[in-house]
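Student: Before we look at the model, could you take me through it by setting each value against the definition behind it?
Tutor: Gladly; here it is.

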Amino acid sequence: MMRVFAIAEVSSGELDPVSIELLNLANAIKGEGSAEAVVIGNNLSEFAGELAKHADKVWKIEDGSLENYNPEMYVDVLLQLFSREKPDVVLIPNSSRGAEFAPLLAVKLSAPIVTDIVGLDFSNGVKATRYIFQGKLLVDVLVKESESYVFTVRQGVFKDECRVEGEVVDSGIKPSASPKREFVGIVEPEAGEVDISQADIVVSVGRGIDDASNIELAEELAEVLGGVVAGSRPVIDSGWLPKDRQVGISGKTVKPKLYLALGISGAFQHIMGMKDSELIIAVNKDPEAPIFGVAQYGIVGDLFDVVPALIEKLREVKG
Ligand SMILES: Cc1cc2nc3c(=O)[nH]c(=O)nc-3n(C[C@H](O)[C@H](O)[C@H](O)COP(=O)(O)OP(=O)(O)OC[C@H]3O[C@@H](n4cnc5c(N)ncnc54)[C@H](O)[C@@H]3O)c2cc1C
């Protein structure tokens with residue numbers, strides 16, 4: 001009976017949606033076993049309740065000293081839990097935190113680790129799928145048999161939700177020592193930033209938008225549609241949009257209900273970050289643009305004609 005543990009991420013007083021994505025994956029691979037969440041911090045009842053909707057069991061590790069993330073303390077409490085509750089698989093978000101403490105945990109557990117995975121299969125041995133060479137190749141990593149395995153999981157990939165309604169268990173675990181590193185403070189990102197990987201509608205602009213001043217047009221369309229604006233790498237490199245709006249292998253992976261690509265050619269580095277969107281509509285002057293190869297609907301035309309017409313029509317329809 002395989003026990004799959006997903007380590008939830010709580011930051012700035014919120015449960016990161018990647019936590020649920022880990023549980024989606026855990027439920028998909030557990031077979032007859034269990035998908036179990038671990039949540040670390042202080043005052044966790046609300047988060048634990050939310051996780052329990054998607055997990056067979058939620059382990060709370062609660063302590064005032066765990067209020068703020070600290071890699072040493074995370075590994076300390078997780079090792080205590082795992083010496084008691086033997087995990088077969090540990091899933092950790094491939095976030096900056098996960099990337100920091102997952103290798104340390106793997107070493108302490110003497111477990112193999114594969115990072116930034118986008119697929120996991122236990123049906124015939126252990127096979128983890130990840131990109132290499134900056135997204136040029138997708139490879140299956142065959143992992144040697146081990147008592148337990150650690151994986152860090154790419155955000156935005158495992159979105160098919162699974163409802164379970166499990167129980168919350170207070171682990172009673174406390175940190176065994178005070179950390180060598182002390183928490184100083186959190187530097188918040190600039191106000192007004194959006195998380196494109198969680199948006200249902202993404203209006204994405206490419207070099208075809210031509211100038212920073214034209215971003216407004218995309219913003220107007222996004223506003224009418226109730227979506228957010230993202231961009232291809234040249235748009236970000238030109239400073240027309242902030243870095244966290246970049247879609248692609250060196251940016252974010254998005255999987256919205258609607259991805260509108262405006263003036264984007266469709267280089268594979270871009271496609272990698274948006275190809276799994278539910279509906280892709282592309283607007284491009286060039287009928288040969290590769291973006292049309294992944295789009296369900298394509299408009300061959302000048303975005304400066306198409307977008308204003310679209311905004312007008314949408315306003316008309318919405319009244
Ligand atoms: C290691 C590496 C990592 C990379 N990572 C990423 C990444 O994460 N994300 C990413 O996006 N790219 C990435 N790239 C860059 C990628 O290879 C492409 O260069 C980039 O995606 C091209 O962006 P674009 O489509 O906006 O621009 P272009 O390729 O220049 O395409 C512009 C398109 O706009 C169309 N167009 C122009 N004017 C109009 C108009 N008025 N109306 C309609 N259509 C118009 C043109 O026909 C053209 O198809 C990476 C490259 C490397 C080497």
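Tutor: Three strands form an open sheet in the order 8-9-10, with antiparallel pairing. This is a predicted model, in which local features need pLDDT of at least 70 and side-chain atom pairs count only at pLDDT 80 or more, while totals for chains, interfaces and linings use all residues. Residues are numbered from 1 along each chain as its sequence is written, and side-chain values use heavy atoms, with hydrogens and water left out.

Student: Why are strand 8 and strand 10 said to stand at the edges?
Tutor: Strand 8 (119-121) and strand 10 (137-143) each have a single partner strand, so one side of each is left without a neighbour in the sheet. From one strand to the next, the twist averages 25°.

Student: How do you know that strand 8 and strand 9 pair?
Tutor: Two strands pair if DSSP finds at least two bridges between them, and strand 8 and strand 9 (residues 126-132) have three bridges, in the antiparallel sense, so they count as paired. Asp121, for example, has Lys127 in strand 9 as its bridge partner.

Student: What makes strand 13 and strand 14 a pair?
Tutor: Strand 13 (residues 201-205) and strand 14 are joined in the parallel sense over four bridges, and Val203 stands opposite Val229 in strand 14. Helix 5 (residues 215-225) packs on the sheet, touching strand 13, strand 14 and strand 15 (258-262), where contact means heavy atoms within 4.5 Å. The open sheet itself has five strands in the order 14-13-15-16-17, with parallel pairing.

Student: Why is Lys60 called buried?
Tutor: Buried means under 20% relative accessible area, exposed over 50% and partly exposed in between (1.4 Å probe, protein chains only); Lys60 has 12% relative accessibility, so Lys60 counts as buried. Lys60 lies in strand 5 (residues 57-62), and, leaving aside neighbours within four places in sequence, its contacts include Val39, Leu44, Val168 and Asp170.

Notes
Helices (H or I, at least four residues) and strands (E, at least two) are DSSP runs, numbered from the N terminus. Axes are lines fitted to C-alpha atoms, for helices over the stretch in contact, and angles run from 0 to 180 degrees between N-to-C directions.
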